[in-house]
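Hi,

Here is the model I promised to pass on.

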Amino acid sequence: MRTLRGYFILAAAAIVGCGTAPANAPPPISPVAVLDAAPDPPEKPGAAKVVIDNFTFDPPTLTVPVGTEVTWVNQDDVPHTATSVVKPRAIDSGTLDTDQTYSHVFTTAGEYDYFCAVHPHMTGKVVVK
Ligand code: CU1
């Protein structure tokens, strides 16, 4: 009659046996390899990003060439907007919930001050040259 210890060794051997790959099998894919296979796409030319987080626009001042598409992405836990200070509003995102984005292509040089209509102390600027 086998002891408990004997059963344990048999079980351990079975687990190890299941984990042994056949000699001709491809190597297992490590999590690092999976990450390397799917990198973030590079930011396309003529594009720039403003991150909204912790009640701030980052960068607070963004300088871009004419023709740049600027995308605001709300990474905060609460809704925000990106809204031009002056009318007519070049920047007018409406309410952006968490992870929502708004994009605008700046076709005219100038300085575009904006703020968050929900939290007016949040301000930012896009300088288009
Ligand atoms: Cu806000």
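One definition before the metal site: donors are N, O and S atoms within 2.8 Å of the metal (3.2 Å for Na, K and Ca), and water is not among the atoms, so sites may look incomplete. With that in hand, the donors of the copper ion are spaced H-x35-C-x2-H along the chain. From the protein these are H80 (ND1), C116 (SG) and H119 (ND1), at 1.9 to 2.1 Å from the ion. H80 sits in the loop between β4 and β5 (83-84) and H119 in the loop between β7 and β8, so this pair ties together parts 39 residues apart in sequence. Strands here are DSSP runs (E, at least two residues), numbered from the N terminus.

As for burial, H80 has 0% relative accessibility and counts as buried; buried means under 20% relative accessible area, exposed over 50%, and partly exposed in between (1.4 Å probe, protein chains only). H119 counts as buried too, at 16%.

Leaving out residues up to four places away in sequence, V85 touches D113, Y114 and F115, where contact means heavy atoms within 4.5 Å.

Some housekeeping: this is a predicted model, with local features needing pLDDT of at least 70 and side-chain atom pairs counting only at pLDDT 80 or more, while totals for chains, interfaces and linings use all residues. Residues are numbered from 1 along each chain as its sequence is written, and side-chain values use heavy atoms, with hydrogens and water left out.

Cheers

Terms used. Helices (H or I, at least four residues) and strands (E, at least two) are DSSP runs, numbered from the N terminus.
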